[in-house]
Structure formats: structure tokens, C-alpha cells
Amino acid sequence: IDEKWFNITRKNERYYAVPDEEQPERTCKSKNHIPKLMILSAVARPSFDSQGNCTFDGKIGCFPFIRFEAAKRSSVNRPVGTIEMKPLDSVTKDVIREYMIEKVLPAIRSKWPAEDAHKTIFIQQDNA
């Protein structure tokens, strides 16, 4: 597993639109203050059968560090009480542990190949 920070949007974006298409809207408040989002991704070594066909592609999942909270005020974009998705400000050891237990381990259990179910699985992290 590994964690990676991403900017939600770029400062300058270029869009090619047909004449009848609406221009996309920027979701952040200012182009000079672009929020970041951390994503936890989990991958494994792919497995193949004796004919060389892929039985497990190794992709387990990507899990963004976000929280859902109700809007405190109404605006032109949404009424008060609308559930909004916001990035977590700080990712601590307890948050990583919670994501490992509640999201990564169930994803491993659901996607892991049945023929390797009896083998031990080691989760390797970097020194973040």
C-alpha cells in the first residue's frame, strides 16, 4: 500500500467544447488556493495460470481520505444541510489504521484469488 497527495484541480485548465456544450465549473474557491487530497492505494503481484492467462490482475483498490459533512450555510450552489465531500486535513496513524481495517482488508478478502486463500498475506508499507 502507498499514500499519494494529489491536487484536486490545476491552476490553469484547458477545455475543448463543442459550440452547444456548457463550460465546466471549477469546484474550488480560488485558483490560488487549490486543496489537496490524499489517496491510499493497494496493489498486489498479479497471478497467472499455467497457460499464461491472468487469474488476478493485482489491483485491490484506491481509497481517498475524505469525510462527509452537512453544509452549514446555504449558497447559490446548494441548500443548507446538503451532504458535502471534503478532504481530511491531516492523516494520522489512527486514520491509516481505520482505513486499513475498514476498507483495505475487506477489499483484499473480496478480490484475492480463491486458490491462494490459505497463504499468508503480508501488507508492506513505505516509511511514511
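Is Lys119 buried, partly exposed or exposed? Lys119 is partly exposed, at a relative accessible area of 48%. The points below concern a predicted model.

1. Lys119 and its partner. The side chain of Lys119 forms a salt bridge with that of Asp116, at 3.5 Å from N to O. Asp116 has a relative accessibility of 18% and so counts as buried, the cut-off being under 20%.

2. Arg78 is partly exposed, with a relative accessible area of 22%. Over the whole structure, a search finds 6 salt bridges.

3. A pair within helix 1. Asp94 and Arg97 form a salt bridge through their side chains, with 3.6 Å between N and O. Both residues belong to helix 1 and sit 3 residues apart, about one turn of the helix. Arg97 is partly exposed, at 45% relative accessible area.

4. The nonpolar core. The largest nonpolar core consists of 15 residues, and those with the most contacts inside it are Ile1, Leu40, Ile60, Phe63, Phe65, Tyr99 and Val104. At least two residues of this core come from each of strand 2 (36-43), strand 5 (59-64) and helix 1 (93-111). Helix 1 contributes the most, with 7 residues.

5. Contacts of Val104. Leaving aside residues up to four places away in sequence, Val104 touches Ile1, Leu40, Ala42, Phe63 and Tyr99.

Terms used: Residues numbered from 1 in each chain as written. Predicted model: local features only at pLDDT ≥ 70, side-chain atom pairs only at ≥ 80, totals over all residues. Heavy atoms only, no water. Core = buried A, V, L, I, M, F, W, Y, C linked by side-chain atoms within 4.5 Å. Buried < 20%, exposed > 50% of the residue type's maximum accessible area, 1.4 Å probe, protein only. Helix = DSSP H or I, 4+ residues; strand = E, 2+ residues; numbered from the N terminus. Contact = heavy atoms within 4.5 Å. Salt bridge = Lys/Arg side-chain N within 4 Å of Asp/Glu carboxyl O.
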